Amino acid sequence: MVKIERSSKVPASLAIEKAKGTKNYREQDVIFQLNADFYGKCYLCEIDELQSVQVEHLRAHHGTDRDRMFDWNNLFLCCPHCNNMKNKQIYEENILDCCQVDPEKVLDQELLADHVVVTALADTEEAKITAQLLTECFETRNTGIRVLECQTRVNALKRTMIILYKALEAYKANKSEKNMRVLRAILDRRYKFAGFTRTYVRRHISEYPELAWMV
């Protein structure tokens, strides 16, 4: 999870559909703007190139709170897997708003021994509950489907981290502008699993002090 700069321009369909009395908050202008704002990534697990997209409400509306249902600031781009994982009462009100708070200031997101470990750095309910949810998005193993979906994300994260490790080794061997550009791209918040790549570099910043401005 990384900080997202949400567009201040509210998609026109939200007001139109709310006034019509529908429950349609997923018109094309909403989907396309969310996809652009969230860099085409699920806001929770950060997997990219989503083949199936869902519009997720950060704060629950229960089908009756129409203000929340159509609130642009309450709509997030999500993959079906993570949206399903978040569908618990404990997550209805306690997840960090990554458009308002920088998750990297309150969460450590790491891949350790092929497992995802997300730790709250801040002693707040939101940080702790968000860390729990993000861990579940990668580590839940209670059904065959969830084993497969979680492992797909862990495998994709592992491939991304290998790309980072190789880029760091290349940069250590040759601090060229080309190698710097590669790292800049991998550490950009728009890149898949940026919360993890950026955490790794911050935790090893003594080895790469000149990269501090990137993370």
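Visitor: How many aromatic pairs does a search of the whole structure find?

Guide: Welcome! This is a predicted model, where local features need pLDDT of at least 70, side-chain atom pairs count only at pLDDT 80 or more, and totals for chains, interfaces and linings use all residues. Residues are numbered from 1 along each chain as its sequence is written, and side-chain values use heavy atoms, leaving out hydrogens and water. Rings of Phe, Tyr and Trp (its six-membered ring) pair if their centres lie within 6.5 Å. Searching the whole structure gives six aromatic pairs.

Visitor: Is the pair of Phe138 and Phe193 stacked, edge-to-face or tilted?

Guide: Planes under 30 degrees apart count as stacked, over 60 as edge-to-face and the rest as tilted. Phe138 and Phe193 lie 6.5 Å centre to centre with 55 degrees between the planes, so the pair is tilted.

Visitor: Over which rings does Arg6 lie?

Guide: A charge sits over a ring if NZ of Lys or CZ of Arg is within 6 Å of the ring centre and within 35 degrees of the ring normal. For Arg6, the distances from the ring centre are 5.1 Å for Trp72 and 4.8 Å for Phe76. The rings are those of Trp72 and Phe76.

Visitor: Are helix 6 and helix 7 roughly parallel or antiparallel?

Guide: Helices are DSSP runs (H or I, at least four residues), numbered from the N terminus. Helix 6 (residues 144–173) packs with helix 7 at about 150 degrees, their axes 9 Å apart; axes are lines fitted to C-alpha atoms over the stretch in contact, with angles from 0 to 180 degrees between N-to-C directions. Because angles under 35 degrees count as roughly parallel, over 145 as roughly antiparallel, 65 to 115 as roughly perpendicular and the rest as oblique, helix 6 is to helix 7 roughly antiparallel.

Methods
Helix = DSSP H or I, 4+ residues; strand = E, 2+ residues; numbered from the N terminus.
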